[in-house]
Amino acid sequence: MQLLVFILVYPLLWLISILPHRMFYGFSDFVFFMVYHVVGYRKEVVQANLVLVFPEKSLDEIKEIQKKFYKHMCDMFLEMVKTMNLSKAEVKKRYHLTNLEEFQEIEKEKTVLVVCAHYANWEWNVSINNYVDTKGYAVYQKIGNKYFDAFIKKVRARWNTTLITTSETPKTVIRNKKNGIKSGYGMVSDQSPQVSRAQYWSEFMGVTVPIYNGAESLARKLNLAVVFLKVSKVKRGYYQATFIPITLEGKNTEKNEITDRFLRLTEQQIRERPEHYLWTHRRWKHRDKVPEKFKSPK
């Protein structure tokens with residue numbers, strides 16, 4: 001069944017990926033109309049999330065952000081498909097790094113962990129490997145369909161990125177250090193962990209929730225440099241990214257320091273242009289399960 005689904009879906013994805021950009025974004029407009037106006041995909045979830053974290057905004061303002069978000073979401077997910085046939089020259093034109101030299105100086109001395117949020121176009125973040133000397137890895141969650149999982153790995157490998165799971169990351173870092181291989185690791189770090197496995201809770205957009213702190217644990221244990229990647233959407237189909245160092249010596253940071261800094265940078269990014277965050281996730285679904293020791297005093 002997995003193979004059948006892949007065989008049926010792959011040709012459609014390939015056809016979308018080769019569309020000229022004008023037709024490609026015209027198709028995205030059609031997808032937006034279907035997703036937003038016809039299907040109404042997770043509209044209640046998106047609106048509830050926005051109302052929760054922006055209590056100061058009117059319902060009209062919330063609905064305006066919501067509509068802009070769906071337009072961006074359709075562009076972004078289709079841009080992931082576009083990656084299949086996007087040339088290195090084209091992605092360099094559409095994804096610009098503002099301070100590459102600063103990152104290159106850091107990677108000369110340290111193994112670097114690049115952390116980011118589900119914001120703007122995180123899929124094209126892997127194109128950073130077109131500019132750096134280190135061997136690039138992206139930490140990801142396996143896809144249930146093994147054929148699509150292999151397909152995703154192959155697409156991202158076009159830009160010299162190797163995909164590894166969270167459990168594979170520590171041993172990969174250690175092995176590369178031991179063998180003298182310069183390497184960098186990218187991780188999307190704003191996921192919501194399972195409550196039973198959450199070791200840290202903190203405010204995110206004004207609401208206390210469980211926080212994934214795997215990046216910090218890795219950085220402190222293996223003394224990695226940690227850099228936040230701030231991605232902004234300049235205009236449709238064009239992005240720019242800026243490296244913001246969090247620490248150059250993970251082992252010298254206090255507990256939760258890296259995680260808290262990441263949260264504040266992510267919040268700042270979201271407040272600047274909220275429509276570019278992934279609001280369809282139930283990021284705040286565990287807010288009523290806060291352990292006593294993490295509750296703010298009233």
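Strand 6 and strand 7 run antiparallel and are joined by four bridges. This is a predicted model, in which local features need pLDDT of at least 70, side-chain atom pairs count only at pLDDT 80 or more, and totals for chains, interfaces and linings use all residues. Residues are numbered from 1 along each chain as its sequence is written, and side-chain values use heavy atoms, with hydrogens and water left out. Helices (H or I, at least four residues) and strands (E, at least two) are DSSP runs, numbered from the N terminus. Two strands pair if DSSP finds at least two bridges between them.

**Hairpin of strands 6 and 7**

- Glu-203 stands opposite Thr-208 in strand 7.
- Two residues separate strand 6 from strand 7 in this hairpin.
- Met-205 sits in the loop between strand 6 (201-204) and strand 7 (207-210).
- Met-205 is not a glycine, yet its phi is positive, at about 55 degrees.
- Is Met-205 buried or exposed? Met-205 is buried, with a relative accessible area of 2%. Buried means under 20% relative accessible area, exposed over 50%, and partly exposed in between (1.4 Å probe, protein chains only).

**Strand 8 and its partners**

- Strand 8 covers residues 225-235. Eight of its eleven residues are buried.
- Strand 2 (residues 112-116) pairs with strand 8 in the parallel sense, over four bridges.
- Val-114 has Val-227 of strand 8 as its bridge partner.
- Strand 9 (residues 238-247) pairs with strand 8 in the antiparallel sense, over nine bridges.
- Leu-229 stands opposite Phe-243 in strand 9.
- Strands 8 and 9 form a hairpin with two residues between them. In the turn, Gly-237 has a positive phi of about 85 degrees.
- Asn-223 lies in the loop between helix 9 and strand 8. Its phi is positive, near 55 degrees, in a residue other than glycine.
- Asn-223 is buried, with a relative accessible area of 15%.

**Second largest pocket**

- On a 1 Å grid over the protein atoms alone, a pocket is an open set of points with protein on both sides within 12 Å along at least five of seven lines, whereas a cavity is a set where a 1.4 Å probe fits but cannot get out; lining residues have an atom within 4 Å of a point.
- Grid points are joined across faces, edges and corners, and a volume is the space filled by probe spheres set on the points.
- The second largest pocket has a volume of about 230 Å³.
- Its lining has 14 residues, and His-72, Asp-75, Lys-233, Arg-236 and His-276 are the closest to its centre.
- Helix 2 (21-39), helix 4 (59-82) and strand 8 each supply at least two lining residues.
- Helix 4 gives the most to this lining, with four residues.
- By class, the lining has two nonpolar, three polar and nine charged residues. Ala, Val, Leu, Ile, Met, Phe, Trp, Tyr, Cys and Pro count as nonpolar, Asp, Glu, Lys and Arg as charged, and the others, Gly among them, as polar.

**Ser-28 in helix 2**

- Ser-28 belongs to helix 2. Ser-28 is buried, with a relative accessible area of 1%.
- Beyond neighbours within four places in sequence, Ser-28 is in contact (heavy atoms within 4.5 Å) with Cys-74, Asp-75, Leu-78 and Arg-236.
- The side chains of Ser-28 and Asp-75 are joined by a polar contact of 2.5 Å. A polar contact is a pair of N or O atoms within 3.5 Å; within protein, one must be able to donate a hydrogen and the other to accept it, and residues adjacent in sequence count only if both atoms are side-chain atoms.

**Largest cavity**

- The structure holds one cavity of 30 Å³ or more.
- The largest cavity has a volume of about 60 Å³.
- Helix 9 (214-222) and helix 10 (257-272) are the elements that give two or more residues to its lining.
- Lining residues include Val-115, Ser-189, Tyr-212, Glu-216 and Phe-262.
- The lining of the largest cavity has five nonpolar, four polar and one charged residues.

**Thr-98**

- Thr-98 is placed in the loop between strand 1 (95-97) and helix 6 (100-109).
- Thr-98 is partly exposed, with a relative accessible area of 34%.
- Not counting residues up to four places away in sequence, Thr-98 touches Gln-240, Ala-241 and Thr-242.
- A polar contact of 2.7 Å joins the side chains of Thr-98 and Thr-242.
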